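Me: I would like to work through this entry feature by feature. Please give the general idea each time, then the case at hand.

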Amino acid sequence: MRITHAAIAAVITVGSLAALTAPVQAAEYSSALKVRGIQYDAPGRDSNSCSTGNTREEYLTVKNYSSSATVNLKGYVVKDAAGNRFAFTANHYLQPGDYVKLRGGNGTDSDANNVVYRDNCNFMWNNDRDTIYLYKPSGSRADVHSYSKSGNDRDGNGYITFH
């Protein structure tokens, strides 16, 4: 069988067009922990007052998607596009299928209630768009998601689900 240069060029052109029309997928990282969802726009009028504000209503849900491994959150880091960060400094164990809500504001961290507080009354996530980065204790990326209010929040309730 003889293959001509024209035939090779046609195959390359078709392959290139197929690559251009293929949907763009988010990078998938090899981590049991992933960002499940985010309440990026806390209900009500934004107020970062520690005593009367609604910072506690802004939260990020991180879930352990492993079917068998327990994961300790200690050493994991969450960042946004502007470089705001939160580091899990205490032991917090997530059983397979378990999750934790990382909330703004002050409160008592609780394994039983699946909550960790940032102990910071400033909002971390932008209400129009942002990028969420989750890093492993080693510094490698565990998960990343960008969102925009207009592109990802179909029902307009300030909450977006990723996984």
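Me: How many helices and strands are there in the protein chain?
Reply: Helices (H or I, at least four residues) and strands (E, at least two) are DSSP runs, numbered from the N terminus. The protein chain has 2 helices and 11 strands, and their order from the N terminus is α-β-β-β-β-β-β-β-β-β-β-α-β. This is a predicted model, in which local features need pLDDT of at least 70 and side-chain atom pairs count only at pLDDT 80 or more, while totals for chains, interfaces and linings use all residues. Residues are numbered from 1 along each chain as its sequence is written, and side-chain values use heavy atoms, with hydrogens and water left out.

Me: Which strands form the open sheet, and in what order?
Reply: Strands of a sheet pair through backbone hydrogen bonds, either parallel or antiparallel. Two strands count as paired if DSSP finds at least two bridges between them. Here 4 strands form an open sheet, ordered β5-β4-β9-β10, with antiparallel pairing. β5 (85-87) and β10 (141-148) are at the edges with a single partner strand each, so one side of each has no neighbour in the sheet. From one strand to the next the twist averages 10°; axes are lines fitted to C-alpha atoms, for helices over the stretch in contact, and angles run from 0 to 180 degrees between N-to-C directions.

Me: How many bridges join β4 to β9?
Reply: Strand β4 (residues 77-80) is joined to β9 by 4 bridges, and the two run antiparallel. In this pairing V77 is opposite Y135 of β9.

Me: Which residues touch the most other members of the largest nonpolar core?
Reply: A nonpolar core is a set of buried Ala, Val, Leu, Ile, Met, Phe, Trp, Tyr and Cys residues joined through side-chain atoms within 4.5 Å. Buried means under 20% relative accessible area, exposed over 50%, and partly exposed in between (1.4 Å probe, protein chains only). The largest core has 23 residues, of which L33, I38, L60, V78, F88, W125 and L134 touch the most other members. β1, β2, β7 (99-103), β9 and β10 are the elements that give two or more residues to this core, and β1 gives the most, with 3 residues. Contact means heavy atoms within 4.5 Å; beyond four places in sequence, the contacts of V78 include L60, F88, W125 and L134. Of the 163 residues in the protein chain, 36% count as buried.

Me: Where is the disulfide, and which cysteines does it join?
Reply: A disulfide is a pair of cysteine sulfur atoms within 2.5 Å. A search of the whole structure finds 1, joining C50 to C121 with S to S at 2.0 Å. The pair links distant parts of the chain, 71 residues apart: C50 is in the loop between β1 (33-39) and β2, and C121 in the loop between β8 (115-117) and β9 (129-135). The link of C50 and C121 is right-handed, with 120° about the S-S bond.

Me: Is C50 buried or exposed, and is C121 buried or exposed?
Reply: C50 counts as exposed because its relative accessibility is 55%. C121 counts as buried because its value is 7%.

Me: What does the side chain of N64 lie 2.9 Å from?
Reply: N64 is in strand β2 (residues 59-64) and counts as buried because its relative accessibility is 0%. A polar atom of the N64 side chain lies 2.9 Å from the backbone oxygen of L94. Leaving out residues up to four places away in sequence, N64 touches residues including A32, L33, T70, L94 and D98.

Notes
Polar contact = N/O pair within 3.5 Å; in protein donor to acceptor, adjacent residues only side chain to side chain.
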